Amino acid sequence: MTHILHIDSSPRSARSHSRRMSQEFVERWKRVHPDDIVTYRDLGHDPVPHVDEPWIAAAYTAPELRTPELWEAIRMSDRLVDEFLAADLYVIGTPMYNFSVPSTLKAYIDQIVRPGRTFAVDAEDVDNPYKPLVLGKRMVVISARGGGGFGPGGQYEKMNYQTPYLAAVFGFIGVTDVTFIDVEYDEAGGKTLENAIAHARHQITQFTEGASHAVAP
Ligand SMILES: Cc1cc2nc3c(=O)[nH]c(=O)nc-3n(C[C@H](O)[C@H](O)[C@H](O)COP(=O)(O)O)c2cc1C
């Protein structure tokens, strides 16, 4: 059985392409795997706080040395990490904002990329001190964009700081199996957008149906 953590980060509601397509992904997945569990987190409408000074002090203090105040400072972060670690498949809907992710998604990432929880630091291993702790998971990122050409070989590929950033930060904690599905051309609209949505739908179907053969009954 797969436990999906479904995360949306667009502040838009019905007009959001990333929200609609991430929902379609989960609905399609559930049709194939009705018993699978889905946990939903809506960063676009219910953002998590930015990390602050007490958070940093707590996260970088060894658990056995934390005061009750320090534990309190990372209580929310611990809950978010617990939720993240409980899932096997992450489905993230995100807009492209200024060539990267919206700040709501960045704030979430800052909350869950935690020493001792999602990565370890081995100071004695000087050449390779960071060890990923989130292993054996998969991720699908559905990214909506106003323009187009941010994919491989595209006109604006070099300005795409979103895909490489997400691959790097989630890879850092161990989530290296990441599939990116892009819905470009929100601003062009019309047939161009329709084609982009149809292409994304096709990729979603391929993933949900392809994965159905790989997952144990
Ligand atoms: C603050 C802001 C920044 C944006 N930056 C970009 C950008 O860098 N590249 C792009 O192609 N579109 C950009 N857009 C357009 C959105 O990516 C596009 O509308 C997308 O469909 C939003 O996702 P959603 O449909 O899930 O809400 C931006 C939109 C906003 C509001």
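**Figure 1. Asn98 in a loop of the predicted model.** Asn98 sits in the loop between strand 3 (89-95) and helix 5, in a structure that is a predicted model. Its relative accessible area is 72%. Asn98 therefore counts as exposed, since this value is over 50%. The phi angle of Asn98 is near 45°, which is a positive value in a residue other than glycine. Most residues other than glycine have a negative phi.

**Figure 2. Tyr185, another residue with a positive phi.** Tyr185 belongs to the loop between strand 7 (177-183) and helix 7 (190-214). Phi of Tyr185 is near 75°, again a positive value in a residue other than glycine. With a relative accessible area of 32%, Tyr185 is partly exposed. Tyr185 is also one of the residues that Gly147 touches.

**Figure 3. Gly147 and its contacts.** Gly147 lies in the loop between strand 6 (138-144) and helix 6 (162-173). When residues up to four places away in sequence are not counted, Gly147 touches Glu184, Tyr185 and Glu187. Gly147 and Leu193 are 46 residues apart along the chain, and their C-alpha atoms are separated by 9.8 Å. Gly147 has a relative accessible area of 27%. This value falls between 20% and 50%, so Gly147 is partly exposed.

Figure 4. The ligand is surrounded by 18 residues, of which the closest are Ser10, Ser16, Ser18, Met96 and Asp186. In the side chain of Ser18, an N or O atom is 2.5 Å from an oxygen atom of the ligand. For the side chain of Arg12, the distance from an N or O atom to a ligand oxygen atom is 2.8 Å. Gly146 takes part through its backbone: one of its backbone N or O atoms lies 3.0 Å from a nitrogen atom of the ligand. The ligand taken alone exposes 630 Å², and 78% of that is buried by the protein. The space that the ligand takes is the largest pocket.

**Figure 5. Gln111 in helix 5.** Gln111 is part of helix 5, which covers residues 103-112. Is Gln111 buried or exposed? Its relative accessible area is 2%, which is under 20%, so Gln111 is buried. The side chain of Gln111 makes a polar contact of 3.0 Å with the side chain of Trp55. Leaving aside neighbours within four places in sequence, Gln111 is in contact with several residues, among them Val48, Pro49, His50 and Val51. Ser77, Leu80 and Val81 are also in contact with Gln111.

Note on methods. Residues are numbered from 1 along each chain as its sequence is written. This is a predicted model: local features need pLDDT of at least 70, side-chain atom pairs count only at pLDDT 80 or more; totals for chains, interfaces and linings use all residues. Side-chain values use heavy atoms; hydrogens and water are left out. Helices (H or I, at least four residues) and strands (E, at least two) are DSSP runs, numbered from the N terminus. Buried means under 20% relative accessible area, exposed over 50%, partly exposed in between (1.4 Å probe, protein chains only). Contact means heavy atoms within 4.5 Å. A residue is near a molecule or strand if one of its heavy atoms lies within 4 Å of it. A polar contact is a pair of N or O atoms within 3.5 Å; within protein, one must be able to donate a hydrogen and the other to accept it, and residues adjacent in sequence count only if both atoms are side-chain atoms. Accessible areas come from the Shrake-Rupley method with a 1.4 Å probe; for residues, only the protein chains shown count as cover. On a 1 Å grid over the protein atoms alone, a cavity is a set of points where a 1.4 Å probe fits but cannot get out, and a pocket is an open set with protein on both sides within 12 Å along at least five of seven lines; lining residues have an atom within 4 Å of a point. A molecule sits in a cavity or pocket if more than half of its atoms lie within 2 Å of its grid points.
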